[in-house]
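This report concerns a protein structure and is written for a reader who is new to the subject. Please keep the sequence and the structure in view while reading.

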Amino acid sequence: SDFGDNPFIKNLILSSLGYSHEAKKEYKPAAEYFEMLASAPDYDMKDEVLFNLAQIYAGMGNYEQRLNALNKIISDHEDSMYFKIAKESIPG
């Protein structure tokens, strides 16, 4: 709440918390932090967040949400460095 008026700091904290939980294989809280970033209107690195979410969802065994995150990269972030990886990760 202290950084609610500073989107950059707030997003940096959310990202750091997401990565910390992911490193500890605490996928549910990691997903929650990255989902906050994915829905934040002022966050510019959504392609990276979606890629992280895809990895986290796979770790949780939630392959439908994993595919949704990868498809969102493909549909919304054609210039992303994750675009090709996302495209190759989708079966079919």
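The sections below treat a pocket, a surface patch and the salt bridges in turn.

The model is predicted. Its largest pocket has a volume of about 190 Å³. Among the residues that line the largest pocket are Pro 7, Phe 8, Tyr 19, Asp 42 and Glu 48. Helix α1, residues 7-23, supplies the largest share of this lining, namely six residues. By type, the lining of the largest pocket comprises six nonpolar, two polar and three charged residues.

On the surface, Phe 3, Ile 13 and Leu 17 form a nonpolar patch, and together they have about 230 Å² of accessible area. Ile 13 belongs to helix α1. Because its relative accessibility is 36%, Ile 13 counts as partly exposed.

Side chains of opposite charge can pair when their charged atoms come close. How many salt bridges does a search of the whole structure find? The search finds three, and they are listed here.

| Salt bridge | N to O distance |
|---|---|
| Lys 24 and Glu 26 | 3.8 Å |
| Lys 28 and Glu 32 | 3.4 Å |
| Lys 72 and Asp 76 | 2.7 Å |

Lys 28 and Glu 32 are separated by about one helical turn, because they lie four residues apart in helix α2, residues 27-39. Lys 72 and Asp 76 are likewise four residues apart, in helix α4, residues 63-76, and therefore about one helical turn separates them.

The accessibility of the paired residues can also be stated. Lys 24 is exposed, at 55% relative accessible area, whereas Glu 26 is partly exposed, at 30%. Lys 28 is exposed, at 57%, and Glu 32 is partly exposed, at 38%. Lys 72 is partly exposed, at 42%, and Asp 76 is partly exposed, at 42%.

Definitions and conventions
Residues numbered from 1 in each chain as written. Predicted model: local features only at pLDDT ≥ 70, side-chain atom pairs only at ≥ 80, totals over all residues. Heavy atoms only, no water. 1 Å grid on protein atoms, 1.4 Å probe; cavity = no way out; pocket = protein on both sides within 12 Å on 5 of 7 lines; lining within 4 Å. Points joined across faces, edges and corners; volume = space filled by probe spheres on them. Helix = DSSP H or I, 4+ residues; strand = E, 2+ residues; numbered from the N terminus. Nonpolar A, V, L, I, M, F, W, Y, C, P; charged D, E, K, R; others polar. Patch = residues over 30% accessible without salt bridge, like charges linked within 9 Å, V, L, I, M, F, W, Y side chains within 5 Å. Areas by Shrake-Rupley, 256 points an atom, 1.4 Å probe, with all protein chains shown as cover. Salt bridge = Lys/Arg side-chain N within 4 Å of Asp/Glu carboxyl O. Buried < 20%, exposed > 50% of the residue type's maximum accessible area, 1.4 Å probe, protein only.
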